[in-house]
Amino acid sequence: ERLFIIGKNGCGKSTLVKLLTGKLEPTGGRIEGGYNVQIGCYDQENRTLNDLNTVFSELHNAYPQKTDLEIRSTLAAFRFFADDMEKSVGALSGGERARLMLAKLIMSHMNLLILDEPTNHLDIGSREALEDAIESFDGTLIAVSHDRAFINRLATRIIEICPKNGTAGDMTDYTVTNVGSGYDEYRAFRSSREASGAVAGEKATPA
């Protein structure tokens, strides 16, 4: 499942991500992870990268049990080829650092990937590499995003926090039927619901 969380700025999307990743403690209720869930969280500031490493050694040091071929294949999937692998991490552009961080996450044993606005500041190549990697990832994705094209291509489920005409606490939970046009499908559903006068915040399923 690839779940996208959407909503206006300030509605609580990033706060929810911090709760899910344990960076914040809930003030009420509780959060329970599923059995054997291993969370990987994309850090936009790439704080887990060592600027003194090369691109290749960054992954090799993190996963010494992996073969050189496995590491090079993963890096190639994120568009690091030949000489790119010998570049210093500290010399990488923002987009390259993002690709390397995501390659590092994909090589871990995590089965739940949480991303907060992952396409911000990415160049076209980095964004396409991210989308391709997510499509081939066989775990669960939870992502916060305002990027309509990104959501359209990948979403299998969309949750909107405090939708139009809703109040604090409202949300719409929608299951996508046509993966590849999820955002467009959801917008059409919401427009239809609003036109019919349905109450914002109800549990929503496609017709």
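Predicted model: local features only at pLDDT ≥ 70, side-chain atom pairs only at ≥ 80, totals over all residues.

Mentor: Residues are numbered from 1 along each chain as its sequence is written, and side-chain values use heavy atoms, with hydrogens and water left out.

Trainee: What makes up the secondary structure of the protein?
Mentor: The protein has 7 helices and 6 strands, where helices (H or I, at least four residues) and strands (E, at least two) are DSSP runs, numbered from the N terminus. Their order from the N terminus is β-α-β-α-α-α-β-α-β-α-β-β-α.

Trainee: How do you know that the span of helix α4 agrees with its number of residues?
Mentor: The expected span of a helix is 1.5 Å times one less than its number of residues. For the 13 residues of α4 (residues 94-106) that should give 18 Å, and the end C-alpha atoms are 18 Å apart, so the two agree.

Trainee: Why is α4 called largely enclosed by the rest of the structure?
Mentor: Buried means under 20% relative accessible area, exposed over 50%, and partly exposed in between (1.4 Å probe, protein chains only). In α4, 11 of the 13 residues are buried, so the helix is largely enclosed. Among them are Gly95, Arg97, Leu100 and Lys104. The cover over the buried residues of α4 includes β2 (39-41), α2 (55-62), α3 (68-77), β3 (112-116) and α5 (124-136). In the protein, buried residues make up 43% of the 207 residues.

Trainee: Why are α2 and α4 called roughly parallel?
Mentor: Axes are lines fitted to C-alpha atoms, for helices over the stretch in contact, and angles run from 0 to 180 degrees between N-to-C directions. Angles under 35 degrees count as roughly parallel, over 145 as roughly antiparallel, 65 to 115 as roughly perpendicular and the rest as oblique. The angle between α2 and α4 is about 25 degrees, with their axes 10 Å apart, and the pair is therefore roughly parallel.

Trainee: Which residues meet where α2 packs on α4?
Mentor: Val55, Glu58, Leu59 and Ala62 in α2 meet Leu100, Ala103 and Lys104 in α4, contact meaning heavy atoms within 4.5 Å.
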